[in-house]
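Please look over the sequence and the model shown here before reading on.

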Protein chains: 2
Amino acid sequence: MSAQASAQSSEQSAAEKPLRADAQRNRDKILDAARAAFRERGAACSLDEIAKRAGVGAGTLYRHFPTRDDLIDAVMRDWAERIQADCQAVVDSDLPPRMALTEWFNRFVENVGIYQGAAAKLMSAMDDPASPIYRKCQVLVAANTTVLDSVRAKGALRDGVDAREVMRLVSGVASVADSSRLAPAEAAPMLAIILDGILEPDRP
Amino acid sequence: MSAQASAQSSEQSAAEKPLRADAQRNRDKILDAARAAFRERGAACSLDEIAKRAGVGAGTLYRHFPTRDDLIDAVMRDWAERIQADCQAVVDSDLPPRMALTEWFNRFVENVGIYQGAAAKLMSAMDDPASPIYRKCQVLVAANTTVLDSVRAKGALRDGVDAREVMRLVSGVASVADSSRLAPAEAAPMLAIILDGILEPDRP
DNA sequence: ACCTGAACACCGTTCAAGT
DNA sequence: ACCTGAACACCGTTCAAGT
């Protein structure tokens with residue numbers, strides 16, 4: 001069972017008071033069950049089913065995660081780290097601008113597409129500070145800004161290209177890919193258009 | 001009441017056997033109620049509430065519209081006509097390419113954004129022939145192709161730009177605008193990027 | 001301090017009984 | 001031929017009772 005792997009490294013946010021041992025165990029079981037359920041049935045899957053899979057009462061799930069978005073947020077934790085790692089890798093790689101952005105956008109769409117409905121969740125949280133996922137969006141915006149700035153420093157970006165707008169556009173592509181059930185690679189033509197739209201046209 | 005307007009011009013698709021008078025009246029009442037409810041609460045609003053608003057039994061709603069998508073499809077009827085009209089207007093206008101496409105994309109996003117969740121519905125129906133909304137998507141794809149072809153004829157489009165991909169991209173923008181609750185005008189920067197991505201860069 | 005699961009509310013969907 | 005609304009199933013959410 002994959003339950004073991006993450007049950008060992010008790011998943012908890014850095015600066016929070018420690019949970020009682022049994023509570024921590026339940027929290028981990030819920031997260032494992034949620035990850036599996038989201039993967040199979042998408043982010044709209046029944047919370048009751050997740051509780052049952054995790055072998056806990058429904059109330060326990062709600063105690064740990066008052067809303068569905070809180071649960072999604074927790075499940076997204078490792079996922080945000082992966083994106084930050086990708087960002088760093090691309091910036092360090094020193095690839096030519098177009099290749100760097102192609103790589104970055106592709107990974108972005110791939111990462112955002114882990115669960116059906118995850119892309120849509122992200123989009124609606126992006127401008128909603130009240131959403132539990134809002135912070136995760138900030139991380140994405142920051143990573144995207146970092147990558148774009150590194151390309152801008154090479155003079156490859158058109159004037160007036162705003163990282164926020166690019167982020168929205170790419171999220172839109174991720175969402176299209178998600179709801180049309182496109183393979184990640186099938187998003188490439190759309191991403192290519194965006195690239196042509198933000199990169200300085202080849203100069204003689 | 002706005003109910004009167006559309007109750008007079010009994011809304012029925014061209015080639016279908018006529019309904020009994022009372023059935024036709026109920027159908028119209030349901031559509032009016034659905035339009036109002038979708039506008040207020042979005043495309044995910046309770047069907048039961050729509051039936052109540054329309055003053056019919058729940059079963060009557062299901063008799064006329066077996067699935068939620070069938071109802072959405074019917075509500076979208078006049079909406080698709082509006083898009084086709086916009087398409088024709090833009091093609092006939094003989095505006096310079098960039099202005100023509102700006103106009104077209106803006107209207108597209110505006111039209112698709114009538115109801116919360118409508119854009120998402122469209123996206124997922126685009127590649128799903130089994131969906132009742134699929135036909136409506138075909139209309140949109142056709143209109144979009146017409147506009148793009150008219151611009152291509154002027155040599156303003158980059159080589160290899162596919163109408164289908166552009167349609168997907170713009171739907172994605174509409175979806176972002178929808179779920180982030182952006183005003184239609186706020187989609188302009190994203191649309192500008194797409195324009196730069198598909199138009200031939202200015203030549204000296 | 002935390003867990004359980006019965007109980008409630010809400011919504012989609014069906015279908016027997018009615019006109 | 002069509003309509004009604006009670007009935008059922010399913011899901012989210014709460015909370016009294018338990019450890």
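## Basis of the model

This is a predicted model, in which local features need pLDDT of at least 70 and side-chain atom pairs count only at pLDDT 80 or more, while totals for chains, interfaces and linings use all residues. Residues are numbered from 1 along each chain as its sequence is written, chains are lettered from A and ligands numbered from 1 in the order in which they are written, and side-chain values use heavy atoms, with hydrogens and water left out.

## The largest pocket

The largest pocket has a volume of about 1100 Å³. A pocket here is an open set of points on a 1 Å grid over the protein atoms alone, where a 1.4 Å probe fits and protein lies on both sides within 12 Å along at least five of seven lines; lining residues have an atom within 4 Å of a point. The volume is the space filled by probe spheres set on the points, which are joined across faces, edges and corners.

Its lining counts 36 residues, and G117(A), A120(A), G117(B), A120(B) and K121(B) lie nearest the centre. The helix α8(B) gives the most to this lining, with 5 residues, where helices are DSSP runs of H or I with at least four residues, numbered from the N terminus. By class, the lining of the largest pocket divides into 10 nonpolar, 14 polar and 12 charged residues; Ala, Val, Leu, Ile, Met, Phe, Trp, Tyr, Cys and Pro count as nonpolar, Asp, Glu, Lys and Arg as charged, and the others, Gly among them, as polar.

## DNA strand D

Around DNA strand D there are 19 residues, of which L47(A), Y62(A), N26(B), G57(B) and T60(B) come nearest; a residue is near a strand if one of its heavy atoms lies within 4 Å of it. The largest share of this surface, 5 residues, comes from α4(B).

Phosphate oxygens of DNA strand D lie 2.5 Å from a side-chain N or O atom of N26(B), 2.7 Å from a polar side-chain atom of T60(B) and 3.1 Å from a side-chain N or O atom of S46(A).

## Residue N144(A)

N144(A) is placed in helix α9 of chain A, residues 134–152. This residue counts as buried because its relative accessibility is 2%, buried meaning under 20% relative accessible area with a 1.4 Å probe and protein chains only. Leaving aside residues up to four places away in sequence, N144(A) touches W104(A), F105(A), A163(A), V166(A) and M167(A), contact meaning heavy atoms within 4.5 Å.

Methods:
Helix = DSSP H or I, 4+ residues; strand = E, 2+ residues; numbered from the N terminus. Polar contact = N/O pair within 3.5 Å; in protein donor to acceptor, adjacent residues only side chain to side chain. Buried < 20%, exposed > 50% of the residue type's maximum accessible area, 1.4 Å probe, protein only.
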